[in-house]
Amino acid sequence: MTPQDLVLTPRGVRFAGRLFPCSIGKGGLSNDKREGDGATPTGIHHIVGLLYRPDRVVAPTSWAIPTGPQDLWSDDGSDSRYNLLVRAPYPFSHERLRRADPLYDVVLLTDWNWPNAVPGRGSAIFLHQWRRPGFPTEGCIAFRRDHLHWIAQRVLPGTRVVIPRA
């Protein structure tokens, strides 16, 4: 592991010489992630994208992509676009990337079950803002807003996200 890896520990995520408190999935860690189990998948993943909401925050980096009102993420295993960015209107089950709350104002995308998704193995494993300290996610890793922004400004495409086996 390198100092530029994001490494999940029992006390938070280590990155760039700092430790950031975080929340993980309500299902804990899973070595066998499944859609809807609420678990955070273990393994070595990589950052493959960075989304931000331009009406609320400035682009954290030059490679960040703005989200718009029609941007969605497919979470339907029967969809050929499962675990990919899609646009409304969309007939399959999906998650809105433009939310009323600030959770997805900045989103780091991981390569969990991507780009060639296996139906049912889980979708939308992101790094994003938490609701509050200790409040679990649906499988993502979530941070305090200012910590997420600090990370997003320094992370690079391909940065490893290391989640030790459960």
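A residue is called buried when its relative accessible area is under 20%, exposed when it is over 50%, and partly exposed in between, as found with a 1.4 Å probe on protein chains only. This is a predicted model, in which local features need pLDDT of at least 70 and side-chain atom pairs count only at pLDDT 80 or more, while totals for chains, interfaces and linings use all residues. Residues are numbered from 1 along each chain as its sequence is written, and side-chain values use heavy atoms, with hydrogens and water left out.

Q: Why is Cys140 called buried?
A: Cys140 has a relative accessible area of 5%, and because buried means under 20%, Cys140 is classed as buried.

Q: How do you know that the sulfur of Cys140 is too far from the closest cysteine sulfur for a bond?
A: A disulfide is a pair of cysteine sulfur atoms within 2.5 Å, whereas the closest cysteine sulfur to that of Cys140, in Cys22, is 12 Å away, and therefore too far for a bond. The structure holds zero disulfides, and Cys22 is accordingly in none.

Q: Why is Asp71 called buried?
A: The relative accessible area of Asp71 is 7%, and Asp71 is therefore buried, as the limit is under 20%. Asp71 lies in strand β9, residues 71-74, where a strand is a DSSP run of E with at least two residues, numbered from the N terminus.

Q: What makes the pair Asp71 and Arg87 a polar contact?
A: The side chains of Asp71 and Arg87 are joined at 2.7 Å, and a polar contact is a pair of N or O atoms within 3.5 Å, of which, within protein, one must be able to donate a hydrogen and the other to accept it, while residues adjacent in sequence count only if both atoms are side-chain atoms. A polar atom of the Asp71 side chain also lies 2.6 Å from the backbone nitrogen of Gly68.

Q: What makes the lining of the second largest pocket divide into nine nonpolar, two polar and one charged?
A: Ala, Val, Leu, Ile, Met, Phe, Trp, Tyr, Cys and Pro count as nonpolar, Asp, Glu, Lys and Arg as charged, and the others, Gly among them, as polar. The lining includes Val48, Leu50, Trp73 and Trp114, along with Gly49, Thr110 and Arg81, and this gives the division into nine nonpolar, two polar and one charged. Strand β7 supplies the largest share of this lining, four residues.

Methods. 1 Å grid on protein atoms, 1.4 Å probe; cavity = no way out; pocket = protein on both sides within 12 Å on 5 of 7 lines; lining within 4 Å.
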